[in-house]
Amino acid sequence: MPRVKRGSKRREKRKKILSLAKGYFLTKGKLYRSAQQAIDRAGNFAYVGRRRKKRDFRRLWIIRINAAARAHDISYSQFIAGLKRAGVDLDRKTLADIAARDEAAFAALVASAKAAAPAKAAAPGKAEASPSA
């Protein structure tokens with residue numbers, strides 16, 4: 001087999017890794033092996049972070065909707081259930097934006113959610129007495 005020295009390919013690969021690690025602390029930005037480890041670790045955190053961001057924003061939107069709904073004397077779960085019954089198809093991002101920016105529109109949504117809520121049923125067992133045979 002012929003001998004392969006990998007001169008330019010190896011240099012290009014190492015330059016790429018070191019350029020990705022530019023600005024890292026101490027040897028992580030200067031030495032190839034520690035730079036490679038730091039880049040791998042950073043890539044893992046970035047991958048996880050991209051998925052976490054979606055969760056974190058959804059949590060934030062729910063908190064904002066809940067705060068605005070409770071200001072109108074309705075809980076978050078009752079509000080969302082009422083909107084579903086009323087046929088209002090707005091996602092939580094949009095609802096949170098409306099809650100933060102347009103008080104009148106959110107009040108109208110709360111009114112439609114309250115109107116679509118079912119009437120309170122009697123406690124189970126008391127409304128219907130089953131005859132024992």
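**Before starting**

The model is predicted: local features need pLDDT of at least 70 and side-chain atom pairs count only at pLDDT 80 or more, while totals for chains, interfaces and linings use all residues. Residues are numbered from 1 along each chain as its sequence is written, and side-chain values use heavy atoms, with hydrogens and water left out.

**Stop 1: the whole chain**

Display the protein as a cartoon. It holds 5 helices and 0 strands, in the order α-α-α-α-α along the sequence. Helices (H or I, at least four residues) and strands (E, at least two) are DSSP runs, numbered from the N terminus. Next, colour by accessibility: of the 133 residues in the protein, 20% are buried. Here buried means under 20% relative accessible area, exposed means over 50%, and partly exposed lies in between (1.4 Å probe, protein chains only). The areas themselves come from the Shrake-Rupley method with a 1.4 Å probe, and for residues only the protein chains shown count as cover.

**Stop 2**

Select Arg6, Arg10, Lys13 and Arg14, which form a patch of positive charge on the surface. Patches are made of residues with over 30% relative accessible area and no salt bridge; like charges are joined within 9 Å, and nonpolar side chains (Val, Leu, Ile, Met, Phe, Trp, Tyr) within 5 Å. Lys and Arg count as positive and Asp and Glu as negative, whereas His and the chain ends are not counted. Each charge is placed at NZ of Lys, CZ of Arg, CG of Asp or CD of Glu. Within this group, centre on arginine 14, which belongs to helix α1 (residues 7–20). Its relative accessible area is 36%, so arginine 14 is partly exposed.

**Stop 3: two loop residues with positive phi**

Move to the loop between α1 and α2, where leucine 26 is located. Leucine 26 is not a glycine, yet its phi is positive, at about 50°. The relative accessibility of leucine 26 is 59%, and it therefore counts as exposed.

Then select aspartate 73, in the loop between α2 and α3. Aspartate 73, also a residue other than glycine, has a positive phi near 60°. With a relative accessible area of 69%, aspartate 73 is exposed.

**Stop 4: the salt bridges**

Side chains of opposite charge can pair when their charged atoms come close. The structure holds 2 salt bridges, each defined as a side-chain nitrogen of Lys or Arg within 4 Å of a carboxyl oxygen of Asp or Glu.

Select arginine 52 and aspartate 56, whose side chains meet in a salt bridge at 3.7 Å, N to O. These two residues are 4 residues apart in helix α2, and so about one helical turn separates them. Arginine 52 is partly exposed at 39% relative accessibility, and aspartate 56 is partly exposed at 34%.

Continue to arginine 101 and aspartate 97, where the salt bridge is 2.5 Å, N to O. Both lie in helix α4 (residues 92–101), 4 residues apart, and are therefore separated by about one helical turn. Arginine 101 is exposed, with a relative accessible area of 69%, whereas aspartate 97 is partly exposed at 38%.

While in helix α4, select alanine 100. At 60% relative accessibility, this alanine counts as exposed. Alanine 100 is 33 residues from alanine 67 in sequence and 9.9 Å from it in space, C-alpha to C-alpha.

**Stop 5: the aromatic pairs**

The structure holds 2 aromatic pairs. The ring centres of phenylalanine 57 and tryptophan 61 are 6.0 Å apart and the planes are at 40°, so this pair is tilted. Rings of Phe, Tyr and Trp (its six-membered ring) pair if their centres lie within 6.5 Å; planes under 30 degrees apart count as stacked, over 60 as edge-to-face and the rest as tilted. Both residues belong to helix α2 (residues 32–71), 4 residues apart, or about one turn of the helix. Phenylalanine 57 is partly exposed at 40% relative accessibility, and tryptophan 61 is partly exposed at 21%.

Finish with phenylalanine 79 and phenylalanine 106, whose ring centres are 5.1 Å apart with planes at 45°, so the pair is tilted. Phenylalanine 79 lies in helix α3 (residues 76–86) and phenylalanine 106 in helix α5 (residues 103–116), so the pair ties together parts 27 residues apart in sequence. Both phenylalanine 79 and phenylalanine 106 are buried.
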